[in-house]
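User: I would like to learn how to read the features of a model like this one. Please take them one at a time, general idea before case.

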Amino acid sequence: MEYFSEILLLGIDSIVFTICLKQYVHYKNAVTAVKSVELHDIGPDLETLLNDYPKNKVNYIAIRGVVKPLGESLQSINKKDVTGVIQKLSVREHVIARTSAGYWSDQERTIHQVCNTVPFVLKNGWHSVEITDPLSADILDLDVISDNFQPSVPTFIDHIWGFFTGVRQRGIQSTEKMLREDSIITAIGELSRTKTKSSYLALQPPLSGPPFYLTSMSITSLIRKLDDRKKIYRVFCVLSGAIGLVLGGIMARRYWKSKEEQRLADQLRRTLETSRQERRQRVRDRDLRDDQICVVCKTNAREIILLPCGHVCICEDCSSSISDNCPICRTQIIQKAAAYIV
C-alpha cells in the first residue's frame, strides 16, 4: 500500500490523542466538580442538610472525619501495632531487560496483589458516616507500612542465561499499604441514607458521574493535583494533535503530488494520442474498396486484428471503444493487435 506507513503512524497517533483527550476532559470535569463541592462537618447539621434534598440524597459533597472500623480492624503483617480498615499487599518483580535497540533498562511487573477491607465510618464525636465501596475511589490515599526489597544474588550460570535471554533478575519488592485507623481523611462522593437503617448516613461513589475520592489531602491540595494532571494531558493532546496534523499534511501533499503527476501523464497521453491520430489521418489511403473499410466508422482503413476470431474489421481509432465482442462474429475479444494488409 502506498500510504501504509503514514496511515499506521496516523492511526497510532489518533489512538494516543483520543486517550489523552479523554483523560484531559476527565480531569477538567473533575477539577470543576471538586471546585464546586461544599465541605461539611459530620454532625447533626449534615442530617438536616440531607432532609432538604430530594430523595434524601446529596449528589456531590465533601466530608472530613476520623477513620473508625465497624467491628474488628485489620492488623498489619509487618508492624503488629498498626491497625487499619484497608490493607493492600503487593509483590513486584524487578528485572533488567534488553530492549530492541540493544540497551538494558529497568522493568517491573506485579506478581501478586491482594486488597483486604473491613466496613468503616468517618466519625466526628458521636456522629458518623459509613463509607461504601472504598476500593472504587479514583484517588485512595494509603500509608506505606513497609516496603522491602530483596535483591537476588545471581550465579555465573544466571549471568550467562540472562545474556542470551535478555532478562536479568534484580530482586523482589514486597509492599504493604494501609488506611490506618484513627487517620483523618476527606471523602468526596454521594451522600444518602443507608438501606438497612434510615438513621445511618452513607457516602458512596456518585451515580451521576463525578469522581469519588478518599484522600488525606485538603480540597485545595486535591484541586492542585488534579489541575497538574489536566495540564500534563493538555500538553500531550497538543503534541499528538500537532503530530497528527503534520502526518495528515504529508499524506495530503503526497496525494496531491501523485494526482498532479497522474494528471500530467494523462495530458501527455492524450496529446500523444491526438498527434498519432493526426499522423494516421495524413498517411491513410483514401482510395479504399468496401472490404478494406472499417465496419464501424465506414471511413478509415481496417488496421486491427481481433483475436481469437482473427477478423480484421476495425480501424485503430474505433478499437479504443470496442473491447468486448467482435463486431462481425460477436466472439469475445481476448487480444487486439495491429494488422498489416499488403
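Analyst: Start with pairing: two strands pair if DSSP finds at least two bridges between them. Helices (H or I, at least four residues) and strands (E, at least two) are DSSP runs, numbered from the N terminus. This is a predicted model, where local features need pLDDT of at least 70, side-chain atom pairs count only at pLDDT 80 or more, and totals for chains, interfaces and linings use all residues. Residues are numbered from 1 along each chain as its sequence is written, and side-chain values use heavy atoms, with hydrogens and water left out.

User: How many bridges join S2 to S6, and in which sense do these strands run?

Analyst: Strand S2 covers residues 57-69 and strand S6 covers residues 120-124. Four bridges join them, and the strands run antiparallel.

User: Which bridges does S6 form with S7?

Analyst: S6 pairs with strand S7 (residues 127-131) over five bridges, in the antiparallel sense. Among the facing residues, Phe-120 stands opposite Ile-131 in S7.

User: Where should I look for the pairings of S4?

Analyst: First a general point on strands. In a regular strand the side chains alternate between the two faces of the sheet. Now the case. S4 covers residues 83-98 and pairs with strand S3 (residues 74-75) over two bridges, antiparallel. There, Gln-75 has Thr-83 of S4 as its bridge partner. S4 also pairs with strand S10 (residues 167-180), antiparallel, over 13 bridges. Ser-90 stands opposite Thr-175 in S10. Strand S5 (residues 104-117) pairs with S4 too, over 13 bridges in the antiparallel sense. On that side, the partner of Ile-96 is Asp-106 in S5.

User: How many helices and strands are there in the protein?

Analyst: The protein has five helices and 16 strands. Its radius of gyration is 40 Å, well over the 20 Å that the globule rule gives for 342 residues, so the protein is more spread out than a compact globule. That radius is taken over C-alpha atoms, and the rule is 2.2 Å times the number of residues to the power 0.38. Along the principal axes, the C-alpha trace spans about 120 × 70 × 35 Å.

User: Is Glu-260 buried, exposed or in between?

Analyst: Use the cut-offs: buried means under 20% relative accessible area, exposed over 50%, partly exposed in between (1.4 Å probe, protein chains only). At 25% relative accessibility, Glu-260 counts as partly exposed. Ser-319, in helix H5 (residues 316-319), is buried, with a relative accessible area of 10%. Across the protein, buried residues make up 31% of the 342 residues.

User: Which residues does Ser-319 touch?

Analyst: Contact means heavy atoms within 4.5 Å. Not counting residues up to four places away in sequence, Ser-319 touches Ile-304, Ile-314 and Lys-336. For the whole protein, take contacts with a separation of 6 or more: residues 24 or more positions apart account for 64% of them.

User: Which backbone angles deserve a second look?

Analyst: Most residues other than glycine have a negative phi, and most peptide bonds are trans. Asp-133 has a positive phi of about 55 degrees although it is not a glycine. This residue lies in the loop between S7 and strand S8 (139-140). Asp-133 is partly exposed, with a relative accessible area of 43%. Asp-182 has a positive phi of about 75 degrees and is not a glycine either. Its place is in the loop between S10 and strand S11 (184-193). Asp-182 is partly exposed, at 44% relative accessible area.

User: Where is a cis peptide bond found?

Analyst: The bond from Leu-307 to Pro-308 is cis, with omega near 15 degrees. Pro-308 lies in the loop between strand S14 (304-307) and strand S15 (311-314).
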